[in-house]
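Subject: Structure for your review

Dear colleague,

Please find below the structure that I am handing over to you.

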Amino acid sequence: MKMVVVAAAVSHDEDVKSYVTQAAFRKASRKMTLCFDAMKKAVSSLADIFTPERLAAAGLILNSGFGEIEATGGFLKGLAENGVARPIFFQNSLHNSTTGFLAIQYGIQGPVFTVNHRTRGGDEVLDISETLLADSLCEFCFAVTVETVPPEFSGPTGVDREGAAVLALCSEATAAKYGLKVLITPDDVLKESAHHPRIELPLTGLKSLFRYDLITRLADRLT
């Protein structure tokens, strides 16, 4: 089975400013909102294909190197300063809270995974996606990477690029079945996967891993 990309999207902070006033995003984190917007772009690009029924059966795998670090910091800060463990901060601090939010918003009921593998997270996501598609556990699979780092957690080198990237994946046979244009071929994926960009992590503080991620690098080709 050969896996191909049929839709892709990237989202940054300037793309999600309008979500702040929407009730559904009142308690959503930056990562959740960025992921939602990137998914919206990818799904909208093939609106006739990604019907509610197909979305419900789709797979979803999300990678984040640091997870919901803002919520984690807020939870620990509140606990240290006030002795109060705020439930909303705690539940949003879990790595899979972002994935759960995205799955709920798009009605995805197929196989859902959260991956945390620092600089190799995107590679792991695509490996799992290919297995799900090869085993016919889903017809389409959304591969997502998201990364944000609060400035107060960064070191002298700064936060670096933040955002969310989405790839809509399926087999070559499925792409042919629905007459979908293949945007990224299996050979393209293999070549990009074999390329390992040099990653210079700071000695102190944190730095966003977003631009180094395989999913981001592939999505950048199309956006």
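Two residues are said to be in contact when they have heavy atoms within 4.5 Å. Please bear in mind that this is a predicted model.

With that definition, Y106 touches F36, M39, K40, V43 and L55, leaving aside residues up to four places away in sequence. Y106 is also among the residues with the most contacts inside the largest nonpolar core, together with V6, M39, F50, L102 and F142. This core has 37 residues. Among the elements that give two or more residues to it are strand 1 (3–11), helix 1 (30–45), helix 5 (96–106) and strand 5 (163–171). The largest share, eight residues, comes from helix 1. Another core, of 23 residues, lies apart from it and includes C138, C141, L169 and L218.

Strand 1 deserves a separate look. Nine of its nine residues are buried, so strand 1 is largely enclosed by the rest of the structure. Strand 1 runs antiparallel to strand 5, and eight bridges join the two.

Next, consider T148, in the loop between strand 4 and strand 5. Is T148 buried or exposed? Its relative accessibility is 0%, and T148 therefore counts as buried. The side chain of T148 makes a polar contact of 2.7 Å with that of K31. Among the residues that T148 touches, again leaving aside those up to four places away in sequence, are R30, L34, I69 and E162.

The aromatic rings form eight pairs. In one of them, the ring centres of Y19 and F25 are 4.8 Å apart and the planes stand at 65 degrees, so this pair is edge-to-face. Both Y19 and F25 are buried. F140 and Y178 form a tilted pair, with 5.9 Å from centre to centre and 35 degrees between the planes. Because F140 lies in the loop between helix 6 (121–134) and strand 4, and Y178 in the loop between helix 7 (172–177) and helix 8 (186–194), the pair ties together parts that are 38 residues apart in sequence. F140 is buried, at 3% relative accessible area, whereas Y178 is partly exposed, at 22%. Ring pairs also link Y19, F25, F36, F101 and Y106 into a cluster.

Finally, the cysteines: the count of disulfides is zero. C35 is buried, with a relative accessible area of 0%, and C170 is buried with 0% as well.

Yours sincerely

Note on methods
Residues are numbered from 1 along each chain as its sequence is written. This is a predicted model: local features need pLDDT of at least 70, side-chain atom pairs count only at pLDDT 80 or more; totals for chains, interfaces and linings use all residues. Side-chain values use heavy atoms; hydrogens and water are left out. A nonpolar core is a set of buried Ala, Val, Leu, Ile, Met, Phe, Trp, Tyr and Cys residues joined through side-chain atoms within 4.5 Å. Buried means under 20% relative accessible area, exposed over 50%, partly exposed in between (1.4 Å probe, protein chains only). Helices (H or I, at least four residues) and strands (E, at least two) are DSSP runs, numbered from the N terminus. A polar contact is a pair of N or O atoms within 3.5 Å; within protein, one must be able to donate a hydrogen and the other to accept it, and residues adjacent in sequence count only if both atoms are side-chain atoms. A disulfide is a pair of cysteine sulfur atoms within 2.5 Å. Two strands pair if DSSP finds at least two bridges between them. Rings of Phe, Tyr and Trp (its six-membered ring) pair if their centres lie within 6.5 Å; planes under 30 degrees apart count as stacked, over 60 as edge-to-face and the rest as tilted.
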